[in-house]
Structures are given as structure tokens and as C-alpha cells.
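My notes follow the order in which I checked them.

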Amino acid sequence: MLLIYGQCQHNSVRARDLYAERYPQRSHPTRRTFKYLYDKLRTTGSLTHRKNSRQKQVTNEETEIGILATVVRDPCVSSRKITRESGVSQRSVIRVLRRHKYHPYHISLHQELTGTDFMNRIEFCRWTQLQIQRNNSFINWILFSDEATFTNYGNINLHNMHFWSTENSHWLRQVARQKPWSVNVWCGIIEDRIIGPYFIERNLNGRKYTTFLQETLGPLLEEIPLETRNRMWYQHDGCPAHFSLVARNEL
């Protein structure tokens with residue numbers, strides 16, 4: 001193969017075609033194989049595979065205790081930092097943690113609670129439990145609702161986006177950051193039914209929310225039995241649009 005590669009003046013495409021012509025009964029290598037073998041011979045002076053001379057790092061009991069103590073002291077510590085401090089390879093650190101049933105759980109974001117939010121939630125739970133004791137069907141009369149905002153300028157995690165190919169296809173994704181837009185989507189749940197979705201363009205404010213309550217919510221509930229609507233409780237959070245004076249007067 002290397003002789004043919006030299007005869008073709010290091011042209012891997014011509015070498016591939018010439019090899020296939022001379023040896024039609026053999027398995028034909030790709031054009032990359034010729035260049036790989038040539039570069040390997042120039043770099044190492046050999047075409048044989050060298051065994052990895054690096055010894056597998058073994059952790060003793062004292063090292064394991066040190067790794068576990070580091071994690072207990074700082075649960076958010078990274079495996080790389082443990083490697084730097086202990087001198088143990090990162091693979092060995094992860095192996096020790098897995099052996100002791102440790103798992104790298106990811107953080108999840110939740111709404112911050114401040115002021116009287118904690119007591120208000122406890123009071124609401126107690127009130128709800130009292131209503132359920134009086135009537136087991138109380139939960140079925142609550143219309144749970146919420147809104148979500150979608151934009152065209154959200155963050156994209158490029159690390160988790162892949163494009164498998166033998167060559168770089170220069171994969172691009174067009175974004176319109178100079179023309180931002182947003183849309184609010186309202187949705188509700190009552191009993192086992194989903195109400196909506198309903199789209200509210202641009203920013204949600206008290207006036208738009210009041211218009212939604214006056215003109216849109218009723219038609220969205222047309223398929224809900226009249227008995228349920230007469231006893232229905234409407235649940236929404238305390239965002240500024242919901243807590244505006246005009247919306248509270250409507251409710």
C-alpha cells in the first residue's frame with residue numbers, strides 16, 4: 001500500500017483506485033487509510049500497534065477514604081478538582097464514587113420563595129386539605145392555570161448538538177437575533193381535561209390578562225359541564241399581570 005501511495009505521489013484518491021485495480025479480490029482500503037499509514041510510519045517508524053505502557057492506577061483504602069471525605073465535605077466538587085488534589089486519575093476517582101453508589105445529579109431550577117411565601121403556601125395547603133375533607137371532589141373543581149414565554153433568542157447548548165459525518169459539513173443554524181420576538185402561551189387543567197392553549201402576543205400585562213378573562217376564558221370552557229363551571233375555583237400565580245388592580249377587580 002505504501003509503495004502504491006508513493007507511486008501516486010501521495011495522492012490518496014489515485015492510490016485507492018490503483019490498489020483496487022491491481023488487487024480486485026482484496027478488501028479495498030479507503031483513501032484515508034493510505035495517508036494514515038504513511039503518517040504513522042513517518043512519526044513512529046513502525047506500522048505495528050504499540051501497547052499502552054501506562055499502568056492502571058490503583059487506589060488504596062486510604063485514598064478512597066480521602067476521595068469520599070472530599071465529596072462529603074463539598075458535594076459540588078468536580079472530579080477534576082479531586083484528581084488535582086489527590087493525584088489519582090479522574091477515571092479512578094469516578095470508579096471509586098460509583099462503587100460507593102454516588103451519582104452526579106444535575107441541578108434543577110425552581111421559583112425563589114421570599115417573604116411570606118412559605119407561610120402562604122402552608123396556609124393554602126391546610127385550607128385545601130380542609131376543603132377536601134368536606135368534599136372529596138373539591139380538587140376536580142379547580143382550574144389550574146399558568147403561562148410560559150417562548151422567544152426566538154433562547155440559549156442553545158451546542159455541546160449536546162451533534163452532526164455525525166465522515167467530513168465536516170459546516171453545519172449552521174440561522175438565528176434572527178436582530179429581530180427578537182416573544183409569545184406567551186396560557187394553558188389550564190381541570191379534572192382530566194386540558195384547556196387551551198391560548199397564545200398572547202408580546203409581553204403579558206394587566207390589561208391583556210383582563211381581556212383574556214373577559215373574552216377568551218369563557219369560550220375555552222364551553223365543553224366543561226355547567227355544574228363544574230358553577231363551582232369552579234380559578235387558580236393562577238402571583239405574577240404582576242395577575243396581581244394588577246384591573247385583573248383583581250375583574251376576578
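This is a predicted model: local features need pLDDT of at least 70, side-chain atom pairs count only at pLDDT 80 or more; totals for chains, interfaces and linings use all residues.

**Entry 1**

Residues are numbered from 1 along each chain as its sequence is written, and side-chain values use heavy atoms, with hydrogens and water left out.

The packing angle between H4 (residues 61–73) and H6 (residues 90–99) is about 75°, and their axes are 10 Å apart. The axes are lines fitted to C-alpha atoms, for helices over the stretch in contact, with angles running from 0 to 180 degrees between N-to-C directions. Helices here are DSSP runs of H or I with at least four residues, strands are runs of E with at least two, and both are numbered from the N terminus.

I then listed who touches whom (contact being heavy atoms within 4.5 Å). H4 brings Glu64, Ile67, Leu68 and Val71, and H6 answers with Val93, Val96, Leu97 and Arg99. By type that contact has six nonpolar residues, two charged and no polar. For this sorting, Ala, Val, Leu, Ile, Met, Phe, Trp, Tyr, Cys and Pro are nonpolar, Asp, Glu, Lys and Arg are charged, and the others, Gly among them, are polar.

**Entry 1: Ser92**

I stayed in H6 for Ser92. Is Ser92 buried or exposed? Its relative accessibility is 2%, so Ser92 counts as buried; the cut-offs are under 20% relative accessible area for buried, over 50% for exposed and partly exposed in between, using a 1.4 Å probe and protein chains only.

The side chain of Ser92 has polar contacts with the side chains of Ser89 at 2.9 Å and Arg95 at 3.1 Å. A polar contact is a pair of N or O atoms within 3.5 Å; within protein, one must be able to donate a hydrogen and the other to accept it, and residues adjacent in sequence count only if both atoms are side-chain atoms.

**Entry 2: one face of H2**

Which residues of H2 (residues 12–22) are buried? I found Ser12, Ala15 and Tyr19. Looking down the axis of H2, these buried residues fall within an arc of 55°, so they line one face of the helix; the arc is taken from the directions from the helix axis to the C-beta atoms.

At the N-terminal end of H2, Asn11 is the cap, with a side-chain oxygen 3.2 Å from the backbone nitrogen of Val13.

**Entry 3: Ile224**

Ile224 is in the loop between H8 (206–220) and H9 (226–230), and counts as buried at 3% relative accessibility. Beyond its neighbours within four places in sequence, Ile224 contacts Ile190, Arg193, Ile195 and Arg229. Arg193 is 31 residues away along the chain, yet its C-alpha is 8.6 Å from that of Ile224.

Most residues other than glycine have a negative phi, and most peptide bonds are trans. I looked for exceptions.

- Gly196 and Pro197 are joined by a cis peptide bond, omega about 10°, and Pro197 is in S3 (residues 193–201).
- Gln9, not a glycine, has a positive phi of about 55°; it sits in the loop between H1 and H2 and is exposed at 67% relative accessible area.
- Lys101 has a positive phi near 65°, lies in the loop between H6 and H7 (117–134), and is exposed at 75%.
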